[in-house]
Amino acid sequence: MLPGPEKGIDDWVVALEKKADKAVSTMIADALRISELSQRFFVNRARGLHKFKPNIVVNTRYLSTVIRSLPQSGLVGLASDMGTGKTEILAMIRKDNPDLSFLNNGHRVTLLKNLSDHLQTAMYSAISCGDWAKAKALSITVDSLYKMANDLQVYDILFIDEACQYLAHLLKSKTCKEHRGAILEVLEYLVYNAKLVVLADAHLDDLTIEFFMRMRPAGEKPYIIKNEYRSGGRQVYWYEGKNSSAIVAEFHAQLMLGKKLMMVSDSKRFIKKLERALNDGSAIDDADDTPESAEDRKLRVWAIHSENSGSEENVIFIREINIAIKDIDAFLITPSLSTGVDISSYHFDAVFGVFHAVSQSATECAQQLWRYRPDVPMYVWVAPRPPFGYAETNARRIKEKILQKNEMTAFLIRINQETGKRGAEKDWALDASCQIEAQRNWSINNLRSDLRSLLEEMGNTIVPVRDGGDESASRWMKAAGIAIDEEHYRKVANAKDIDRRTYTSRQHQDYLKPEEVLECEKFRIQDTYGMSVTPELVEKDDSGRLIKKIAALEAILATPGEMITDEQGREFVPPPAIVAERDKSERERLAICTDWSNHSTAWLMRHRLGLRAVLMDLMAGVEIKGDEAMIQALAEFSKRNASHVKGILNLTIPLSESPVWILGQYLSQLGLSTESRRPMEDGQRVRYYRLNTEDVVFIQNVLDYRQRQREDRERKRHEEQERHAAYAARMQAQYGINAPSTPPLNEDGDNNRGGMDGDEELSDSWWERVKYYAQLAIERVENGVDAVKELLSTLTSDERCGVMLEFEDLDAEKFAQLVSDAPQWTEWMA
């Protein structure tokens, strides 16, 4: 719309007279494409507070200058932009009320360490687990909450910073998977009993408030403080190319001009490639007529990602980050440094962001960009679409799919279908999990538009940069990626050999040195495939992805059970025992149904496709042309049930593709590939397909190894049961203690943590763990009775009994000393 009463642009130009030329030029420069106009109206309606209205609304640069105190009880939400001093309010409360007990709970170690210094709390990793309850003020990760179960106390204040990301991590993160049920139980106790719960987030939303209110006393209402101040105002150069090559070229060009730059990304691999390329000192375009010398190109590059964020040098770097950055030219970071760290001193001339729409929502991307507080230009590229396809965005459908899979799996493995519908979690936790997944999927599906919209909401100016990519930058980054991969394969193969106990103990450490990571990776691969580790095997393993494919192949090749009929009279073939046991084990081990993999449902889909019959022929060396009846039937079934195939196997089946192409997709999911030949038949070339011979030989060796492992575990299981029965009888006869009849086994028919299936369960047997803890108990006797009691308090009751029996066998003299000093030791077994 033109300003003024004029009817059209010609009348408007005449009315402006001498000002017309400048006005028209300005109007043309401000004109938007239709696609850009639609982006202006793109709104993520799930973001922010709508259901819960703020009790106090302010507009201030620093929240702590206006809000000097908080209510003494209840749930308080602080919705205030990044860098506005939300945590400063808590620091003031801590300073004014040092006698109040305080728990700071977060989802990232870097965030906690930074807040621990600021809020004057003890860091959980710096003190013994048994002493956590003694700490008046403690900072602990959500992943470790379950360890507090035996020493729970009521805190005066519970503080959770970056609450929305915290909730997503709690309900969806793989690192919480093993103990998610216990973590939720502990969190519910802490939230319910805390006098004051404070949730802080720049983008605090209804879902987060509602989740925590479910855990608070009935009838309580949240108290919300909203700060409308926006810390935006930056120029954001928005790259719209298909790939990130143009923005990488711009990043490199500005570095060569002597600028100091910061790069953030949601991809660890991207950051590692960029770090390698910059440190190599090679130019993007080596065809330059006036290349710089290697010395001139030498840059001071510092990168922080999940593999090195816990190192001693990076811990120190992060703690003193405003000083440490003065010595670097390029600072490269992943989500490991996306929250809790503020770079407030001016050093970098610009901030670059490259986001691949894989794991982070728009708000999380913005968090990364705003780690650097000074007002400098930003350069941002976002992938036009998710690289692995679009995900479901309807929370109701996500929940229905989860429950349907759970119910079907429960039916197939013949357990109570009612208990198969859900896990032990409360419905509101399941609902919250599905809503979070739906919201995150929606944001990631539309990340380019969603992040742009968010940055505009924050008061920034978007400057579109239409680029066609930069081939030289693409080749530069690709070469760095190849060099990183080859170096990694070689380093893993040459790493020092370690034993299982060392491997297991390292899985519980917050940080491993680079050489320790390589040693653990070598052990995992060796244990997984039962063969010596070479660079070729490391590459083939593909970070554990191959063994999951082989496990799925093993399942479909196994003999299925006998036909069963459901209540509607429908007939189903139950999965082989090896598949059913995996599902049963997950249900016993994992309390939350969203963590169940439902292997049986995936197996049933592959079986109904007719894959087993096809595979039996192919594995036997049979060649196919693709026009065979069973191949045609497989393709037709796939196209008719494309939505179910996508939902269960996560495989998209285009209706236009050939039967051989569709079969190839299924084979790829099972770690197999095909090779072909074209002989002459009746004067025409005919193409025959067969499985790649090398693939078959390799996989057959792995399958044979897995079978031997299962047989060996079964034998050991029987031996352990017999031994445990003897120990239980002895415990009853000598001390009158009823030990459990059988120990809980962490085995499910598959190799566990990092083993053959890459599952995250420990692979040591029950008695191996008992022996290890018994040795620790013997060592602790010198430190007194309480030291032994503390160790035992972290174990299950059956483990305690086993430890004491093993203790007596290993060192009768020290056992007698312990019994003498603590005659009531049998009470510890309860």
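What is the relative accessible area of Asp342, and is this residue buried, partly exposed or exposed?

Tutor: Asp342 has a relative accessible area of 36% and is partly exposed; buried means under 20%, exposed over 50% and partly exposed in between (1.4 Å probe, protein chains only). The model is predicted, so local features need pLDDT of at least 70 and side-chain atom pairs pLDDT 80 or more, while totals for chains, interfaces and linings use all residues. Residues are numbered from 1 along each chain as its sequence is written, and side-chain values use heavy atoms, without hydrogens or water.

The partner of Asp342 is Arg371, and their side chains form a salt bridge with an N to O distance of 3.3 Å; the term requires a side-chain nitrogen of Lys or Arg within 4 Å of a carboxyl oxygen of Asp or Glu. This pair links distant parts of the chain, 29 residues apart: Asp342 belongs to the loop between strand 12 (330-333) and strand 13 (350-355), and Arg371 to the loop between helix 14 (362-369) and strand 14 (378-382). Helices (H or I, at least four residues) and strands (E, at least two) are DSSP runs numbered from the N terminus. Whereas Asp342 is partly exposed, Arg371 counts as buried, with 2% relative accessibility.

The whole structure contains 40 salt bridges. One of them joins Lys272 to Glu307, with the closest N and O atoms 3.2 Å apart. Lys272 is in helix 10 (residues 268-280) and Glu307 in the loop between strand 11 (301-304) and helix 12 (312-319), so this pair ties together parts that are 35 residues apart in sequence. Lys272 is partly exposed at 22% relative accessible area, and Glu307 is also partly exposed, at 33%.

Glu581 is partly exposed at 39% relative accessibility, and Lys584 is partly exposed at 28%. Elsewhere, Arg276, Asp280, Glu487 and Lys491 are linked in a network of salt bridges.

Eight strands form an open sheet with parallel pairing, in the order 1-8-2-7-6-3-5-4. Strand 1 (56-58) and strand 4 (122-123) are the edges; each has a single partner strand, so one side of each lacks a neighbour in the sheet. Two strands pair if DSSP finds at least two bridges between them.

Strand 7 pairs in the parallel sense with strand 2 (residues 74-79) over six bridges, and Asp201 in strand 7 is the bridge partner of Ala79. Strand 7 also pairs with strand 6, in the parallel sense, over five bridges; here Leu196 of strand 7 is the bridge partner of Ile157. Six of the six residues of strand 7 are buried. Both of its faces are covered, with Leu196, Val198 and Ala200 buried on one side and Val197, Leu199 and Asp201 buried on the other.

Elsewhere in the sheet, strand 3 (residues 102-106) and strand 5 (residues 137-141) are a parallel pair with five bridges, in which Asn104 has Ser139 of strand 5 as its bridge partner.
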